[in-house]
Amino acid sequence: MVEEKIMVTYQGKYAEAVKTDTNYNVKLPVLGNKYGSIYNTSDGWVLEEIDKVDQKYFSRIKLRNDGKIEYETDTMEKPTISDNKFNPENPNIGELSEKALNLFYVVKQIAGYEKLGVPPIAVLQLRYKILALSLNMLGYQSVGQIISGEPSPEKSIMDLNHAVQFIEQYPALAQYVTKVVIGKTPSVDVSLSKCADKSAFMEQFEEAQKAFFLEKSYHSERSEFLENIREPLIKPDFCIGMRENIDPRDWGTYSQTVKRLGKLLLSFNSDLLPPVERMRIIQGAHLSQDDVEHQVSLITQTAEMDEVLGIESYYFFREHEKFEEKMQREVNNESTSKLVKRFRVQLNSEEEERKKAIQRRDYFRKVYPYSSKEEREKNKKKKDDAPIFGED
């Protein structure tokens, strides 16, 4: 018999689900003085808990195929069956409610795996990673900084154009898998009705995973480059203090646009946020891929974004010029000169690329008919009818 093993979550902890043919068995983490398992039968799914010390003490709760809850303990003469179907939004079965919810969401994770071909917890973990990376690229280290503060460009990758290109491909994985809280314990929910074709979803997931790893690699290389050029003997203040070194009006335009982009990412991941922060943004975890891309375009494909990218690039040009002036004055020893020569090549190349990027955006925005009349009308209707995410 061939076995498959997938990870699920139960009461905020990982558990391994072993599939043999069509049968699943989930060995649950030991909690207090009880150990247990979840398994499927011909008429439903069972959560069974047994006392570690005296195994005659047990409890058993079944989520039946007809939607009702059946439960029994060692003190009962026979099982009891609920009058109505189990409703996870209003369990209403007393002290059994939390256990029934934990069982319900484990079953949904397994059903989600069957439909998606990927363990839902892996999808949720990837969502966390993509969100954190995207926010770091924009210069954010916390949710609170996005909602109540300003970005920190010196802690970003100082390459907003690159960050925008990555965010424009943001995967709408939350339409399938989200975080849910049972009492105070996190779990995983799956929108089974929205689940895509298995092969199509696995392809989407793998592409998102690949894009994340590529971007993470770029982020590491970029961070290392900035860290090296900021060495005390090179240019420790390189691209540090953008807010203080540009026109206040430019900073206002830049910071507000980046903030909108940051809040947009929070909207796409509203289920991952603490309740207080979640209430301060538009809930957008349900959005489809088309809607996600549309919302992103409302920020990134605008004349305002052209201006913001220009603000960053012209700031970079001035910092590059200051770097050159300092190096011509101070660099003398051979080892440092070799390092500086490498930096000069990289910085010159980046300056040329930034100039080309400005020209490309200017061309597409003002000259090239980048969308048909029908597409413009469709987007206008969407913009008029739907909320704009990322707005205050």
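In which strand is the place of Arg-64? Arg-64 sits in strand E6, which covers residues 58-64; helices (H or I, at least four residues) and strands (E, at least two) are DSSP runs, numbered from the N terminus. This is a predicted model, where local features need pLDDT of at least 70 and side-chain atom pairs count only at pLDDT 80 or more, while totals for chains, interfaces and linings use all residues. Residues are numbered from 1 along each chain as its sequence is written, and side-chain values use heavy atoms, with hydrogens and water left out.

Setting aside neighbours within four places in sequence, Arg-64 is in contact (heavy atoms within 4.5 Å) with Asp-43, Gly-44, Glu-70 and Ile-81. Phe-86 is 22 residues away from Arg-64 along the chain, and their C-alpha atoms are separated by 9.3 Å.

Met-7 has Glu-16 in E2 as its bridge partner. The two strands make a hairpin with two residues between them, and Gln-11 in the turn has a positive phi of about 50°.

Now for the inside. A nonpolar core is a set of buried Ala, Val, Leu, Ile, Met, Phe, Trp, Tyr and Cys residues joined through side-chain atoms within 4.5 Å. Buried means under 20% relative accessible area, exposed over 50% and partly exposed in between, with a 1.4 Å probe and protein chains only. The largest such core has 69 residues, and Leu-138, Leu-160 and Phe-323 have the most contacts inside it. Helix H2 (residues 120-138) gives the most to this core, with 10 residues. Apart from it lies another core, of 27 residues, including Ile-69 and Phe-86.

H2 also packs against helix H7 (residues 248-268), at an angle of about 175° and with the axes 10 Å apart. Axes here are lines fitted to C-alpha atoms, for helices over the stretch in contact, and angles run from 0 to 180 degrees between N-to-C directions. The two helices are therefore roughly antiparallel, the word used for angles over 145 degrees. Among the residues that meet are Leu-131 and Leu-138 in H2 and Val-258 and Leu-265 in H7.

Finally, Arg-361 belongs to helix H11 (residues 334-366). Arg-361 counts as buried because its relative accessibility is 15%. Leaving aside neighbours within four places in sequence, its contacts include Asn-161, Thr-300 and Asp-306.

Methods
Two strands pair if DSSP finds at least two bridges between them. Angles under 35 degrees count as roughly parallel, over 145 as roughly antiparallel, 65 to 115 as roughly perpendicular and the rest as oblique.
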